[in-house]
Amino acid sequence: MAVREWLALVAFASAIIFGTAGMIGMFRFPDPYARMHAGGLLGTTATFSVFIGSLLLAPDRATAARIVIIMIFFLISAPTGSYIVGRFTWETGLPVWKPKKRRNITDKEQEK
Amino acid sequence: MNVERRWHVVRFLLTSFFLYLVWLVFTASLEPYSLIFGAIGSVGIGALTHTVFIAEHQANLRYIVPNPLHLVLYLFIIIAFLYQSSVMMLRAVFTGEVSPRIVHFRTRLRSDVARMILANSITITPGTITLDLNDDHLTVHWLFCDTNHAKAAGERVKGRMERFIGNIWP
């Protein structure tokens, strides 16, 4: 296999890893905001990795240019989608999930 | 020709030009048939939608037309951010070490497009999702929050990106 194909393989493999982790995160986190972090962000990266892999395997320049355009549109549309869900959740007034043991917080805050 | 009318014409021309550019990239052919139909389509759609594509109150060309060099540079920066944030998120999914919190701050960007891009970039960068954008006021859900100070939080979440976007749309 050529170097290009190995790189594409790495991109597809990372897509599988990110996609699976996004799925696990959707079930592990308790509230919609944190779930959206996992589902939206890791889903975006998984799809983006697939695009990069297919960009590496593109047969000619015209196809590559189209894939780049699709990538740019996807970079705009994917965050907008999770923004719409997030805004709706925020408008309904759902409080944010607070884990029992917090990381990176000052001692004063922990005493409260 | 009064100012309002001229602004309509400029917006119409910009919209049609943008649509025609996208048409050229997607069809990738220089046959006269395709060129002529693309031109007719982009002029027609531009005439119908230019009021939506460019808002009337964005009455300055530098609010709309980006700096192309910085725009391309920013695209690569955003891709780097995307992978960095995904690796952080991957770790958080398996360890469960998070401290979620809602933070509020303001942005100094003036253009609507720049604010929209900033909101989308915040969603892409590590552990933050934009929940609301009202004029210049952003509501952000931050998964790895480590401060109570609003200004410090704003600087941590958007500082670098706001400077980059400020170069694209001043």
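Predicted model: local features only at pLDDT ≥ 70, side-chain atom pairs only at ≥ 80, totals over all residues.
## Helix packing within chain A

In chain A, helix α1 (residues 3-28) packs with helix α2 (residues 32-56) at an angle of about 165 degrees, and the axes of the two helices lie 8 Å apart. Angles over 145 degrees count as roughly antiparallel, and α1(A) and α2(A) are therefore roughly antiparallel to each other. Their crossing is left-handed, and the residues that make up the contact of α1(A) with α2(A) comprise 15 nonpolar, nine polar and two charged.

## Helix packing within chain B

In chain B, the axes of α1(B) and of helix α2 (residues 32-53) come within 7 Å of each other and cross at roughly 135 degrees, which makes α1(B) oblique to α2(B). The crossing of α1(B) and α2(B) is right-handed, and the contact between these helices is made up, by class, of twelve nonpolar, eleven polar and one charged residues.

## Extent of the interface between the chains

The size of an interface is often given as the accessible area lost when the parts come together. Between chain B and chain A the buried area is about 3900 Å², and carbon and sulfur atoms account for 71% of that area. The contact draws on 43 residues from chain B and 42 residues from chain A. On the chain B side, the residues that lose the most area to chain A are Tyr83(B), Val93(B) and Leu131(B), which together give 15% of what that side buries.

## A helix pair across the interface

One helix pair that spans the two chains is formed by helix α3 (residues 61-91) of chain A and helix α1 (residues 3-27) of chain B, whose axes come within 9 Å and cross at roughly 130 degrees. That angle makes α3(A) oblique to α1(B). The residues that meet here are Arg66(A), Ile69(A) and Phe73(A) in α3(A), and Val25(B), Phe26(B) and Thr27(B) in α1(B). By class, the contact of α3(A) with α1(B) has four nonpolar residues, one polar residue and one charged residue.

## Salt bridges

Side chains of opposite charge can pair when their charged atoms come close. Over all chains, the structure holds four salt bridges, while the count between chain B and chain A is one.

The side chains of Arg87(A) and Asp132(B) form a salt bridge, in which the closest N and O atoms are 2.6 Å apart. This pair crosses between the chains, running from Arg87(A) in helix α3 of chain A to Asp132(B) in strand β2 (residues 128-134) of chain B.

How values were computed: Residues numbered from 1 in each chain as written. Chains lettered and ligands numbered in written order. Heavy atoms only, no water. Axes fitted to C-alpha atoms, helices over the stretch in contact; angles between N-to-C directions. Helix = DSSP H or I, 4+ residues; strand = E, 2+ residues; numbered from the N terminus. Parallel < 35°, antiparallel > 145°, perpendicular 65-115°, else oblique. Left-handed = near helix turned anticlockwise from the far one by under 90°. Nonpolar A, V, L, I, M, F, W, Y, C, P; charged D, E, K, R; others polar. Contact = heavy atoms within 4.5 Å. Buried area = accessible area lost by both parts, 1.4 Å probe.
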